[in-house]
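Have a look at the sequence and structure first.

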Amino acid sequence: MNSGMDQKRLNRIRPLMERFIGEGNQLPGAQALVWRRGELVDFQSAGYRDRENRLPVEEDTIFRIYSMTKPIVSVAAMMLFEEGHFQLFTPVSEFIPGFRNLQVFKEEDSETGAWVMEKPNHPVTIHELLTHTSGLTYGLQAAHHPVARRYNDMQLEGDALPLDQVVDKILEQPLAFQPGSRWHYSVSTDVLARVVEIISGKSIDQFLQQRLFDPLGMKDTGYFLPNEKHGRLSEIYCIANWFDHGNTPEDLEQQWREGAVASRLVSGETHRCLEPHQAFRGGHGLVSTASDYLNFCRMLLQRGQWEGEHLLAPKTVELMTMNHIRQPMMPLEIRGYEIPGEGFGLGFGVNIDVAASLNLGSIGTYGWAGLASTHFIIDPLEELILIQMAQFIHPPEQLLFKYLRTAVYQALID
């Protein structure tokens, strides 16, 4: 099969990866996988999965994929949509009654610090969970909204509570914004995972295993690893021990720019995957390999089909991977960083303006990233998949991936 890629140009990937990998505050190791026109074109590993013990990144190295969990959970929810359990405009309160009582943060009194509330202008919908327009927020946005500070104080992302109790804690706080009023990255997918649990009668880990991981042959993907796989899990590195000491992403990025040395990160949250637990999340928590995640991406590129069976209908994949965000909410931003040229679908960022993105690519390319330097895109026009894996928190402005994307697209010649 002709991949339509120039091997000489693909050879630029290796020195590019090595430029970003090293000691000090650089990436300890990384992987890049390129799939085009039904063919694995390039799969490279560089650096270390364990820098201190000089253990290299290998093809079967396992990574914590953090927010690359979100597209998987979004696909799970849309399987239930196809089965007729809800419409996208269905209120979340039909499944989680506590959403009926939510108020909305309006302002903070500058003198007393008291919060002024208002009623939501409409019930939060399943569509708003899928598109991050629900009005919910994230602890990692603590520097940008008072409600996010409360989330951070409650340690929602790192807490070992089961998902139903996490959602109960989310409901103790008001919405940060009126639902449907703006795009705001949030715990929406965690709530969505709880909806999946309630509808299916299965925990989210069981649902994903039975409906996605087993059919797709994703044998190394899940919320925890058996003992025999522990040695394949990459260590994770950070400028400071964010989870233990409360550093914000902004703190880490500033320290990175000032040359602070990245060290191995040790915390209960980051090592929870080594033992059985019940702290499943929809927004993060899965571990996976590049090869496993490729199978998930290939299914989507094939419009929901895998080995002769449709896990999703083609029209469902089409709906999920088109932009659902209205122009007044543009440009998308996370923690003050704009994402130029991007819209958002049902669980995926979607390129809607190649020129605005200031990089090579195609309109309609979709994908997402994870906190610790993992990233993927799927380009249906070019029949292309690109996956990057690494374990470094926090990558300022997608440390490697933008360069890697350029290197891959410049190798397309047909």
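## A three-stranded sheet

Three strands make an open sheet in the order β8-β7-β19, with mixed pairing. Strands here are DSSP runs of E with at least two residues, helices are runs of H or I with at least four, and both are numbered from the N terminus; two strands pair if DSSP finds at least two bridges between them. Since β8 (263–264) and β19 (392–393) are at the edges with a single partner strand each, one side of each has no neighbour in the sheet.

β7 (residues 237–238) and β8 run antiparallel and are joined by two bridges. One to look up is Tyr237, whose bridge partner in β8 is Arg264.

## About the model

This is a predicted model, where local features need pLDDT of at least 70 and side-chain atom pairs count only at pLDDT 80 or more, while totals for chains, interfaces and linings use all residues. Numbering starts from 1 along each chain as its sequence is written, and side-chain values use heavy atoms, with hydrogens and water left out.

## Helix α11

Nine of the twelve residues are buried, so α11 is largely enclosed by the rest of the structure. Buried means under 20% relative accessible area, with a 1.4 Å probe and protein chains only. Among the buried residues of α11 are Asp292, Tyr293, Asn295 and Phe296. After α11 comes Arg303, with a positive phi near 60 degrees.

How values were computed:
Buried < 20%, exposed > 50% of the residue type's maximum accessible area, 1.4 Å probe, protein only.
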